[in-house]
Amino acid sequence: RSLLPDVFVAIGQCTHQGCTPQLRSTPGGGGEFLCPCHTSKFDLAGRVFRAGPAPTNLVVPVYRFDGDSRVVVGEA
């Protein structure tokens, strides 16, 4: 789960072969992350769609917010 509803923190590597998924708009005003290498798709929470080759969700690291504008990754 995201610590703030409008901020998503994840490692930017597809769980299939490590390419960088790109954020793209979807019809109806939504969005998804699409891996340009082998078309794996992830929703805006990083969950993988079953139709692609990625075996698992995007990795969400341990992180915390330090004030209103700083994210600290690797520390709880």
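Modeller: A disulfide here is a pair of cysteine sulfur atoms within 2.5 Å. This is a predicted model, where local features need pLDDT of at least 70, side-chain atom pairs count only at pLDDT 80 or more, and totals for chains, interfaces and linings use all residues. Residues are numbered from 1 along each chain as its sequence is written, and side-chain values use heavy atoms, with hydrogens and water left out.

Colleague: How many disulfides does a search of the whole structure find?

Modeller: The search finds one. Cys-19 and Cys-37 form it, with sulfur atoms 2.0 Å apart. The link is left-handed, at -100° about the S-S bond. Cys-19 sits in the segment before strand 1 (22-26) and Cys-37 in the loop between strand 2 (30-34) and strand 3 (41-42), 18 residues apart. Strands are DSSP runs (E, at least two residues), numbered from the N terminus.

Colleague: Is Cys-19 buried or exposed?

Modeller: Buried, because its relative accessibility is 18%; the cut-offs are under 20% for buried, over 50% for exposed and partly exposed in between (1.4 Å probe, protein chains only). Cys-37, at 38%, is partly exposed.

Colleague: Switching topic, where does Asp-68 lie?

Modeller: In the loop between strand 4 (63-65) and strand 5 (71-73). Asp-68 is exposed, with 88% relative accessibility.

How values were computed:
Helices (H or I, at least four residues) and strands (E, at least two) are DSSP runs, numbered from the N terminus.
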